[in-house]
Amino acid sequence: MRKIQVAPSILSADFGKLSEEIASIEAYADALHIDVMDGHFVPNLSFGYPVAKWIKSDLPKEVHLMVYHPENYYDVFAKMNPEIILIQVEAVPHLHRQIQKIKELGIKAGVVLNPATPLSSIEYVLEDLDRVLIMSVNPGFGGQKFISGVLQKIKKLREIAPDLDIEVDGGINEETAALCKEAGANIFVAGSYIFGSENRANAIASLKGE
Ligand code: DX5
Ligand code: ZN
């Protein structure tokens, strides 16, 4: 069986004590999810590399670029040695080219689909992808409600791509993670659920169904 992984989104962490926040999840999480927002592609700003470079952790890092022109940022985020860079299909006209650019840096390439974006948008690049992330909220903010319509999309994708890493991001808690797992997802991003919990070990375990 595919390994279930949890990637806490530090967007919901207390940046005033970021190293403590990271330490509280480090032994239990499988990766760190880093949300970069540009105030154009999504109606919110988060942080760029000048802040992200202070995120110190041995966990694999996944950089979720919610930005137009993500190609302007691959080199700079490459300095963090991320395991994977995830770009939004809606933000780029030449998706295949972008995937190749990320891979040329020796970084895995993943694409992200907003809730209303169909699977057909990635049909012809599927074999080039290391991962597909299905957004289960409209990106831009933590703490939103899970959109259950995406479960069908996860299910269809799992049918087409039995071995692909399928990640879900947005409104993930114990209940919605179970639904996504049943639909075929194997990597879960969670921000408010994990960082809003007193016991982060338990929160992460509950997402894995342990
Ligand atoms: C949404 C971000 C998510 C977000 C998840 O724009 O991509 O990663 O931080 O937060 P929760 O788990 O609170 O929905
Ligand atoms: Zn994200």
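# A walk through a predicted protein chain

Of the 210 residues of the protein chain, 55% count as buried (buried means under 20% relative accessible area, exposed over 50%, and partly exposed in between, with a 1.4 Å probe and protein chains only). This is a predicted model, in which local features need pLDDT of at least 70 and side-chain atom pairs count only at pLDDT 80 or more, while totals for chains, interfaces and linings use all residues. Residues are numbered from 1 along each chain as its sequence is written, chains are lettered from A and ligands numbered from 1 in the order in which they are written, and side-chain values use heavy atoms, with hydrogens and water left out.

Start with the whole chain. The protein chain has eight helices and eight strands. Helices (H or I, at least four residues) and strands (E, at least two) are DSSP runs, numbered from the N terminus. The radius of gyration of the chain is 16 Å, close to the 17 Å that the globule rule gives for 210 residues, so the chain is as compact as a globular protein of that length. That radius is taken over C-alpha atoms, and the globule rule is 2.2 Å times the number of residues to the power 0.38. The C-alpha atoms fill a box of roughly 45 × 40 × 30 Å, taken along the principal axes.

Next come surface and contacts. The accessible surface of the protein chain comes to about 9900 Å², and 49% of it belongs to carbon and sulfur atoms. Accessible areas come from the Shrake-Rupley method with a 1.4 Å probe; for residues, only the protein chains shown count as cover. Among contacts between residues at least 6 apart in sequence, 63% join residues at least 24 apart. Contact means heavy atoms within 4.5 Å.

Pro 60 is found in the loop between helix 2 (49-52) and strand 3. Pro 60 is partly exposed, at 33% relative accessibility. Leaving out residues up to four places away in sequence, Pro 60 touches Asp 30, Ala 31, Leu 32 and Glu 83. Leu 45 is 15 residues from Pro 60 along the chain, and their C-alpha atoms are separated by 24 Å.

Most residues other than glycine have a negative phi. His 69 is not a glycine, yet its phi is positive, at about 50°. His 69 lies in the loop between strand 3 and helix 3 (74-78). With a relative accessible area of 48%, His 69 is partly exposed. Asn 81 also has a positive phi, near 55°, and is a residue other than glycine. Asn 81 sits in the loop between helix 3 and strand 4 (84-88). Asn 81 is exposed, with a relative accessible area of 65%.

Strand 4 holds Ile 85. Ile 85 is buried, and its relative accessible area is 0%. Which residues does Ile 85 contact, leaving aside its neighbours within four places in sequence? They are Val 63, Leu 65, Tyr 74, Ile 102, Ile 107, Lys 108, Ala 109 and Gly 110. Arg 131 is 46 residues from Ile 85 in sequence and 9.7 Å away in space, C-alpha to C-alpha.

Move on to Ser 136. This residue is in the loop between strand 6 (131-135) and helix 5. Ser 136 counts as buried, at 0% relative accessibility. Beyond residues up to four places away in sequence, Ser 136 touches Lys 145, Phe 146, Ile 147, Val 150, Val 168, Asp 169, Gly 170 and Ile 172. Pro 8 and Ser 136 are 128 residues apart in sequence and 15 Å apart in space, C-alpha to C-alpha.

Finally, look at a helix pair. Helix 5 (residues 150-160) and helix 6 (residues 174-183) pack at an angle of about 30°, and their axes are 8 Å apart. That makes helix 5 roughly parallel to helix 6. Axes are lines fitted to C-alpha atoms, for helices over the stretch in contact, and angles run from 0 to 180 degrees between N-to-C directions. Angles under 35 degrees count as roughly parallel, over 145 as roughly antiparallel, 65 to 115 as roughly perpendicular and the rest as oblique.

On the helix 5 side, Leu 151, Ile 154, Lys 155 and Arg 158 meet Leu 179, Cys 180 and Ala 183 in helix 6. The residues of this contact divide into five nonpolar, no polar and two charged. Here Ala, Val, Leu, Ile, Met, Phe, Trp, Tyr, Cys and Pro count as nonpolar, Asp, Glu, Lys and Arg as charged, and the others, Gly among them, as polar. Leu 179 is partly exposed, with a relative accessible area of 38%.
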